[in-house]
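Subject: Structure handover

Hi,

Here is the structure for you to look over. My notes follow below it.

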Amino acid sequence: MKLNPSQYLLGQKENCKEIIARLSKEFSYVSILGTDVDGANYLVTTTKSSIGPCSDQERGFVLRVFQDTGVSEYSFNDVDVDKVVARVREIALEDRKRFLSKGYLPYAHAPKDEPATVYSLGEVKNLPKNDDAGKILSALKQAHDGAIDRHEEVKFLRLFLSVTQINKMFLSVHRDLYQSYCYANGVAIAMAEKDEKTKTEYKGISLLGGSELLDTLVKEVPGVCDRAVELLSAERMVPGEYDILCDPDFTGLIAHEAFGHGTEMDMFVKHRAKGEEYLNKRVASDRLVMHDGATAIDEVSSYAFDDEGNLGSDTVIIRNGIFKNGMCDALSAIQLGVEPTGNGKRESYKRKAYTRMTNTFFEGGTDSLEDMIASIKHGYLLEGLESGMEDPKNWGIQCVAAKAREIKDGAFTGKICSPVYLTGYVPDLLESISMISPEVEMSGTGYCGKGWKEWVKTSTGGAYIKAKGMLS
């Protein structure tokens, strides 16, 4: 079913166009992004149940104007044409004085404003406005109670489902863009305890759609509990270099942390990313192809246009081991003399746009998982993800896997290690990739920060990969 558009945004369209018409007589570029985000969170744990609004709920506008010294922006949610026009004039004058007194990064020209019209309504099986909150909470409660009854060691279980509808309108002198899309996230977290030892297992799932994800989440619950209990027997990893297999979740973490952040090109403007030095150079195995883009695959960060009014794209970051392209927002693209890639994203209408990842993944290959396991004399299969960090300037990484399953002579031994830390130098890790399975799997339950803030929705993934890694 098609999503319903935001009547609030469409109802303010003529006022926004009037603001743009007035200001375009004074500024070489004027645009307005309107956002209307709504949804619901459903939570059941061993100690409580709740229903509440989605965490990204917001409604408002951000206006951008360009003058000779650069860009000024103004966020508002009271669409009073006269007040908005007057306030933007004040802000632009204040900005110009400050830029001239303190120095500023030069822009060769205003953002491009080529003609484009988009009206996109996403598809879902369950329309968010028709969701029965009581039935969703009841299904989660039933799954929770059944799992707790079957697993003596599971002392705490948390089940979470969120459904979020994004409505955005972008207007400029030559652009008239509208989109509504919906994504759902499901999370199951089980804590098992025995003999004063406690372990936690996590599973996140997502889709570009609505509450139809509930059925999949419920089916995942028993396995999450089983794996939490299994972790009670986990041992510590003996540090060293090993042959490793990575499941799609952990592969996605590597794609995101090991190479994604280092190719966000707003980092190139101030020379804060090593990737700037490696364009059109080898950075990985010739087997590796890496994508990022809102249209590269259907997941939670898929959209028709970004928060700067640039159409979504599929950017091939690495092709057969060669770093071919980075990701870029509109303003950084002007400073670097490149085209924006549709990666300009804001945490909210109140926040600045940065170059941000969307759906980031390694393309599938041709190797069967069975052959990959059989090829390992002694190594580990890394499963799940807990966290990751990358230093874009020096290409050091640390990725934390939930667990590692030992493989000897091409077969699992039954030994599990947890947690497991993968560290090293990005090119060394990527160049060691020797096998890749065909099927790409994605996950988009988390958020990505720019440094320690500016959280936006992203998804990551890939197939199973074989590589060499330093584990501890």
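How much space lies in the second largest pocket? About 730 Å³. Bear in mind that this is a predicted model.

Second largest pocket

The lining here has 27 residues. Nearest the pocket's centre are Leu105, Tyr107, Lys270, Leu331 and Lys352. Several elements each supply at least two lining residues: strands β4 (70-76) and β14 (353-355), and helices α3, α7 (266-269) and α8 (330-336). By class, the lining splits into 11 nonpolar, 5 polar and 11 charged residues.

Val81 and helix α3

Helix α3 spans residues 81-102, and Val81 is part of it. Is Val81 buried or exposed? Its relative accessible area is 12%. The cut-off for buried is under 20%, so Val81 counts as buried. Leaving aside residues up to four places away in sequence, Val81 touches Asn15, Glu18, Ile19 and Arg22. For a sense of distance, take Asn325, which is 244 residues from Val81 along the chain. The C-alpha atoms of these two residues are 41 Å apart.

Largest pocket

The largest pocket holds about 1,200 Å³ of space. Its lining is made up of 48 residues, and those closest to the centre are Asp249, Leu253, Leu385, Glu386 and Thr460. Which strand gives the largest share of this lining? That is β8 (residues 197-207), with 7 residues. The lining of the largest pocket contains 15 nonpolar, 18 polar and 15 charged residues.

The six-stranded sheet

There is an open sheet of 6 strands with mixed pairing. The order is β12-β11-β10-β15-β26-β23.

In one of the pairings, Arg319 has Ile322 of β12 as its bridge partner.

Helix α6 (residues 248-260) packs on this sheet. The helix touches β10 (290-292), β11, β12, β15 (359-362), β23 and β26 (459-462). Its direction makes about 115 degrees with that of β26.

That is what I have so far. Over to you.

Best wishes

How values were computed:
Residues are numbered from 1 along each chain as its sequence is written. This is a predicted model: local features need pLDDT of at least 70, side-chain atom pairs count only at pLDDT 80 or more; totals for chains, interfaces and linings use all residues. Side-chain values use heavy atoms; hydrogens and water are left out. Helices (H or I, at least four residues) and strands (E, at least two) are DSSP runs, numbered from the N terminus. Buried means under 20% relative accessible area, exposed over 50%, partly exposed in between (1.4 Å probe, protein chains only). Contact means heavy atoms within 4.5 Å. On a 1 Å grid over the protein atoms alone, a cavity is a set of points where a 1.4 Å probe fits but cannot get out, and a pocket is an open set with protein on both sides within 12 Å along at least five of seven lines; lining residues have an atom within 4 Å of a point. Grid points are joined across faces, edges and corners, and a volume is the space filled by probe spheres set on the points. Ala, Val, Leu, Ile, Met, Phe, Trp, Tyr, Cys and Pro count as nonpolar, Asp, Glu, Lys and Arg as charged, and the others, Gly among them, as polar. Two strands pair if DSSP finds at least two bridges between them. Axes are lines fitted to C-alpha atoms, for helices over the stretch in contact, and angles run from 0 to 180 degrees between N-to-C directions.
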